[in-house]
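Please keep the sequence and the structure in view while reading.

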Amino acid sequence: MTAASPQAALAQRFRAFLPDSSILVTETERRPYECDGLSVYRRLPLLVVLPEDINQVQRVLRICAELAVPVVARGAGTGLSGGALPLTDGVLLSLAKFNRILDIDPLNRTARVQPGVRNLAISEAVAEHGLYYAPDPSSQIACSIGGNVAENAGGVHCLKYGLTVHNIVQLGIVTMDGEQFTVGGTGLDAPGYDLLALMTGSEGLLGVIVEVVVKLLPVPDTAQVLLAAFDDVVPAGDAVGRIIGAGIIPAGLEMMDNPAIRAAEAFAHAGYPEDAAAILLCELDGSRAEVETDVMRVRKLLAQCGAREVRIARDADERALFWKGRKAAFPAMGRISPDYYCMDGTIPRHRLPEVLSGIETLSRDYGLPVANVFHAGDGNLHPLILFDANRPGELQRTEEMGGKILELCVAVGGSITGEHGVGMEKINQMCSQFSAAELTQMHAVKAAFDPAGLLNPGKAVPTLHRCAEFGAMHVHDGQLPFPELERF
Amino acid sequence: MNADQHERLAEQLRDAFEHQQALRIRGGGSKAFCGRAVQGVALDVRGHCGIVEYQPTELVITARAGTPLLDVQAALAEAGQMLPFEPPQFSPDATLGGVIACGLSGPRRPFTGAARDVVLGVGMVNGRGEVLRFGGQVMKNVAGYDISRLMTGAQGTLGLLLDVSLKVLPTPVCERSLRADMDVADAIVAMNRLAGRPLPLSATAFDGEVLWLRLSGAEPAVAEAMEALCGEIFVEVEELTGQQFWRDLRERQHRFFSGDDELWRLSLPAASPALDLPGRTFYDWGGAQRWLKTNAEAGAVHVAINKVGGHATRFTSDGAVAQPLSPALAALHQRLKQAFDPVGILNPGRLYEGL
Amino acid sequence: MQTQLPESLLDSPQGREADAILRRCVHCGFCNATCPTYQLLGEELDGPRGRIYLIKQLLEGEGDADTVRTHLDRCLTCRSCETTCPSGVKYSRLLDIGREQAERQGTRPWQQRVMRWGLRQLLPFPRRFALLLGLARVLRPLLPQSWATALPAVNKASVAGANIAVRHPRRVILLDGCVQSVAAPEINCAAARVLDHLGISVQRVTDGGCCGAVEQHLSAPQVAAQRMRRNIDAWWPLTEAGAEAIVSTASACGLQVKDYGHLLRDDPLYADKAQRISAQVKDIAELVADSPAPSSAGPRPRVAFHSPCTLQHGQRLGGVVEQILRDWGFELTPVADGHLCCGSAGAYSLLQPVLSDRLRADKLVALRRGSPQVIASANIGCLMHLRQGAESSLPVRHWVELLADCLPNK
C-alpha cells in the first residue's frame, strides 16, 4: 500500500472536525481560489478549508504546524497585491464564513465583528445609531474587515479619519501554533507593546485574525462634495496643497486623470466632464455652517488654481454618485481594457508633477496606456497600467514598468505601497526601500510569532537571497521576476 | 540647536551590545516616573537634536529624538499647526523622543488620536547597534511591518529612537470650554452620548462634581455647537479658566493629583460605570482614562478593572507598574524583545521584569 | 481576465460571446458582495466570481462538469451581480452558456432530470397546472414538505373587471402568463382596471402561451425557442394592428420577452421580428409611471415593497414602482438589503428548497422591520413564495392590485 498523498492525509485529519463541503479537494473546486483580486498571479492551493468557528481555525493551524504545511489566510479575496495568493504545497484558509456582526455597543461606539464581515456591512448595521465605520477602501462593498486589518487598508476618507490602524481597538488572533490571543483592548490602549499596530498591516504573516473590534464615529451633520475640472493635471495637484495650506482638512480629496474619468463615467454616469484633463473631488464635512464656509473657501481656491469648472453636488444622491464613479474606477477599467495593473505608491504631495510626468514618459516608452487615480490628500497614487494579458509578453512589460513607477516613488521620498500591501506583487521593490539590516529585523519579528515560518511565507518581506537575485536581475534585463509562478 | 549624533549613539549601542552593558536611555528626564526604575549606564540622547524637515502643506514634521518638545511645538505654532495628541510635558526639558517612547497623550486623545496614531516613521538603533528606518514621511505606508508604531510606548526597550516623523494638524481657530454640574453616573453617560454626536469635541472630563467639555474647530462649527449645548444644561467657562483646567489635567497638576493616597491610571471602555473602589476618581478621555487616588490593595484594583475589561497602572515611589500580562502574551513580548535586543541592553526591566 | 478558450470554441458565436464576457471580468469580487448565495454560504464557488471561474474552466476544456453544474444550479439567476459589476460583465449570458455546457458534458442524476422534466411539462401549461393544482390541494398531506408549502391558496378574490370593453384608442396586449393565469388571475384583472382608468384598453391573446422562461431555465433552450416563435406569431397581428405595447404584470415574463431579440438572434426567420417584439415589451410599471396619479388620496396602507430581481436587476427598473406607489399616496416602509432575492427565482424554490427558505426568511425579516400593513411585489413567483412564508395577517399582493383598490366603483 502506498502512503497517502499529503493532500489526502491533511483532508483526512480535517474531516474529524469539518464537514466535507468545507474541505475542497478536487482541482475544479480549488481552481477558483487560485488568485485574489490580482488575477495575474495564480497558484493552485493544495487544499482549501472553510472553517466557521475559532476552534476550527485553531485545529487547522495546529495540524498544519504539526505537519509543517504552510497556510495562507484569505478573506473576501479582493486584495490587489496578491497577499492571499495560495501556495501549491499549502492550505488556503478561507475566513469568508466568519461573516457575522457579533455585538454593537452604541454608547461605547464600538462593534465586535467576525473577520469575514464586509467593510460596508458594518456601517450599514450601525447607521440606525447615527454611527459609521470610517475607513472606506474603494472595494468597501466587498472587502472584508479581516483583510482590511491585514493590509491596514485606507480609503478615500483617511486624510481626516485615518487608516484601519486608527479605527480598530482590539483583535482576536490565532498564531500558527493554534494559540489564541487578544491584542489591544476595549479601552483606548493596552499594557505592553502596541501589538495591535504591529498586527495591522502584517499581511497575514504573524497570525490569523479571527475577531475585530472596530471604533465607530458619529456620522457628520453635513457633507458636501465639490467637483473641479482642470485642463491640466499640474494645477489640479497645486490646488491640493493650497487647500491644505489654508488649514482645511477635507474628508476626502481625490484626483482622477482623463482615462480614469472616462472609464468611471461609463459605469457610474456621474456627470464627470469627459474632456477634462483631471478632476478633483473634494469632500468637506462637519457642521452645516462650517461646511458652508469651507465650501466657499475651497471653491475660491480652486478657481484661483485655474479650475475651468467647479460643481457642487446638488444633494445627497449626487454626492453619492460623484463618489460612486471614483470608487468603481479600478474595475471600471474592464470597460476600456481587458486587464489593468494597479500600482499603489505614495509620494510627498509636492512631488506630484514630476512623478506624473515620469509616469507619462514610462507609459510612452513601454507603449502601455496609464490611467491615474490619486488619493491626492495623502499622496497615495494609483497608476493603473492598461494591458492585455492575452498578448504574449505584455504582462511582463507591464510588471517591469510598474516596478519602475514604484522605484520612482521611493526616489522622491515615498513608499512602494500606501494601502494595498506588498503581498507578492511588490516584494522585489521592498529590496529598494529597505536595507538588509531592516529586512533582517522584520524577519526577526516574524520569527517571534511564527518561528517555523509557516504563515503566508514568501510574501511582504523578501529574503535577502531574493533581494540579491533581484539586484542581479536588474543587470540581466528580460528575466521574469517570479519564474516559479504560473502566469498568463 | 541642530546636531546629528546618530553615529555616536549607534557606536555606543554597538559597544554596549558587545560588552552586554545595560543602558538607561534618557532625554530630559521628565518622564522617568512613567516606567519601572532601570539599572544601567545612562545614555543621554539630548545631543542628537533639531528639526530635520518640516513642510506645513505636507502636514508632516520630522525631528531628532533629543529635540525639546517646546522647540517642536514652537515651530508648528509658527505655521498655525500642532501635534494632534496634545502631549503632556511634565517639564520644559521634555524631548520629542521621550514623549514618543512613553506614548503619552493628552485630553484630545479620544478625538484626534494618540501619539502612536500620528507616528509615520522612525529612525532607530536596535539592540545590536544597527541603524534602521521604518515607515517614512508620507501619510500612508504599509511596506513591511509597522515597527514605527511598535516603538511608540515601548519606552526604549526595543530600540533607541533617533528621529520621528509625525503627522500634524492645523491648530483649531477657535476653542471654548463648557461645564455642567452632574453626578457620576449621569456624567459617564453624557460624555459618551455627546461623543456619539457630530460635535467638534476635543476633550471631555469629569472631576467628580463637574462635567467639562472643550469644543475646538472652525468659528462657525464651535458657535453652532455652543448654541446647541448651552441650550441644554451647560454653561460657558471663562477662556483662561478653561485653558488652565485642561493644561492642569494634561500635566497632572490639577489639585486632584495631590494627596498621600496612591495614584492609579485606569484604562477601560469609556462607558463603563464607576468602579466600586475606595478613594477619589477623575475621568478623562470621556471615561476611557480614569485617575484613581486610593488606599485600596493592588489586588482589589485589578479585580475591579478586569471585570470591565481594562487595565491599571500603579504609580509607586519606584516608578509606574503596569498590569501583568497573561502568560502567553508575556512570552510573546519576551520573544519580541529578543528579536530587537538579543542581549537585553535597552532599558532592561523598564516595562516589565525582563522586558 | 486572461482566457484560453480552444480555437474550436472561438469559431462559434457562442464561444466568442463567452470569451468577450470573460475578458471583461477583472476578478475584483464586488459581485460576491451583493450575491444572495455568497452571503449565505461564504464560499467562492457559490458566488458570481467563482461561478465565472468555474465556467471558464469548463469552456477551457478543464474542470469536472458535474461539480460545476452543482454550483451553477445554486445560482438564483437574480442578476444582482450585474447591477453591482463596474466592468459590465454580462453574467447571465455567460451563465446560460455555462449551464448548457455543463448539461452537455456532465450527467445529471436521474432524480433531478425527472424533476426538471416534470416541471417543464407542468408549469408552462395553464390547464395542466390548474388540474394538478386542484389535485395537489386535495393531496397536500401526501406531498413532500417543500412542495406542499409551495401550493398557492385557493383564491376567492374578486375577478371583477375581467372583461372590460376595448373602448380607448390606446391599446396594449396584456400577457396572461401561465402560472399567474391559474394561481392569481385577479392580478391581470386589476391591471386591466388600472389601465382602463388611465385611458388604455387591454387586449388579450388567446393562442399565446408561456413566455419560455421555464424551459430556458430548466435546461431546455430549444423548447423555449419554439415557444418564443409561437408567441411572436400570436402577437404579431395585434402589434401590426396598432397595439402600442406588450404589457406584462409578471416581471420575470416581461424580462424573458425583452430577451427574445437576443435569444433568437441567430434564427434567420425570426431574428428581426423578435427584435421588434422585444422593443415593444413593457412592464406595467413603465406604463403607469408615464401617467399622472389620481389626485384624491384616500387612506392608504403602509407598504413594504419587494422589488423582484427580474424587475430591478433584469429589467433595470429599480425604484420605478416605489415612485408610483408614493405618487399614489402610499407610505413605503424602509426595507434593508432590497437588492437581495427572496429565494423564489422561478423553479428555484422547488429545486433548492433549503437555500430558498433561508433567503425567504431573511427577506421577510427585512420586509417586516418597518411594520407594514401589506407587502407588495411585482412578480407572481415572488408573490406566491413570500405568501407561503408570511403570516396570514400580513397580505402579500401585486402592487397593481393596491392601485386598483384606490379606483372608484370597485
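Contact here means heavy atoms within 4.5 Å. The model is a predicted one.

By that criterion, helix 8 of chain A touches helix 10 of chain A through A:Ala239, A:Arg242 and A:Ile243 on the side of helix 8, which meet A:Val298, A:Leu301, A:Leu302 and A:Gln304 of helix 10. Five of these contact residues are nonpolar, one is polar and one is charged. The crossing of helix 8 and helix 10 of chain A is right-handed.

A second pair in chain A consists of helix 9 (residues 258-268) and helix 11 (residues 316-327), which pack at an angle of about 125° with an axis separation of 8 Å. Helix 9 and helix 11 of chain A are therefore oblique to each other. Their crossing is right-handed. Helix 9 of chain A contributes A:Ala264, A:Phe267 and A:Ala268 to the contact, and helix 11 of chain A contributes A:Leu321, A:Lys324 and A:Gly325. Four of the residues in this contact are nonpolar, one is polar and one is charged.

Attention now turns to the interface between chains. Chain C places 38 residues in contact with 45 residues of chain A. The size of an interface is often given as the accessible area lost when the parts come together. For chain C and chain A, the buried area is about 3100 Å², with carbon and sulfur atoms giving 51% of it. Three salt bridges are found across this interface. A:Glu128 forms a salt bridge with C:Arg369, and the closest N and O atoms of the pair are 3.7 Å apart.

Note on methods
Residues numbered from 1 in each chain as written. Chains lettered and ligands numbered in written order. Predicted model: local features only at pLDDT ≥ 70, side-chain atom pairs only at ≥ 80, totals over all residues. Heavy atoms only, no water. Axes fitted to C-alpha atoms, helices over the stretch in contact; angles between N-to-C directions. Helix = DSSP H or I, 4+ residues; strand = E, 2+ residues; numbered from the N terminus. Parallel < 35°, antiparallel > 145°, perpendicular 65-115°, else oblique. Left-handed = near helix turned anticlockwise from the far one by under 90°. Nonpolar A, V, L, I, M, F, W, Y, C, P; charged D, E, K, R; others polar. Buried area = accessible area lost by both parts, 1.4 Å probe. Salt bridge = Lys/Arg side-chain N within 4 Å of Asp/Glu carboxyl O.
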